[in-house]
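Let's take a walk through this structure together. Have the sequence and the 3D view at hand as we go.

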Amino acid sequence: TDDVFLKIEQGDLETLKQNDQLLEEMSKGNCFKGFIEGDLQFNPTYKYLPGMDGYDRRPEKKIRAPAWCDRVLCNSKLPEDRYFNNQLFYQCANLLSSDHKPVSALYHCELRVMQGKL
């Protein structure tokens, strides 16, 4: 847990991404097959002090290692390189009402309209 806090303070998201459980399991094909995620360029989204912009490190509480618990995963029939080029942003909102920071992503999507189908 202390190492994770240190990496965040140093801005070393690459090391955190290399050890992210979801990314590891997805790369092994153990979960979310066919889904992709944009590049995590924001700090882990959990566990914050509600009402504040700092991680919860209160000694009287169970101290949890910050993690990306809030994610946007997508599935598309487009080739992966083309799909990622259509991502306009993937970001974390700076809201203070919860111990999580919500994330959002925006993609430019190509749609095909089929006549007579709902």
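Leu106 is partly exposed, with a relative accessible area of 39%. What does Leu106 form together with Leu88 and Phe89? These three residues make a nonpolar surface patch of about 260 Å².

Next, take a look at the cysteines. How many disulfides does the structure hold? The count is zero. For Cys69, the nearest cysteine sulfur belongs to Cys92 and is 12 Å away. A disulfide needs the two sulfur atoms within 2.5 Å, so Cys69 is in no disulfide.

Finally, how much confidence does the predictor place in what you see? The protein chain averages a pLDDT of 89, and 92% of the residues score at least 70. Among the elements of the chain, helix H2 (residues 13–18) has the highest mean pLDDT, 97. At the other end is helix H4 (residues 80–85), whose mean pLDDT of 62 is the lowest among the elements. Where pLDDT is low, the predicted coordinates should not be read in detail.

Note on methods
Residues are numbered from 1 along each chain as its sequence is written. This is a predicted model: local features need pLDDT of at least 70, side-chain atom pairs count only at pLDDT 80 or more; totals for chains, interfaces and linings use all residues. Side-chain values use heavy atoms; hydrogens and water are left out. Patches are made of residues with over 30% relative accessible area and no salt bridge: like charges are joined within 9 Å, nonpolar side chains (Val, Leu, Ile, Met, Phe, Trp, Tyr) within 5 Å. Accessible areas come from the Shrake-Rupley method with a 1.4 Å probe; for residues, only the protein chains shown count as cover. A salt bridge is a side-chain nitrogen of Lys or Arg within 4 Å of a carboxyl oxygen of Asp or Glu. Buried means under 20% relative accessible area, exposed over 50%, partly exposed in between (1.4 Å probe, protein chains only). pLDDT is the predictor's confidence in each residue, from 0 to 100. Helices (H or I, at least four residues) and strands (E, at least two) are DSSP runs, numbered from the N terminus.
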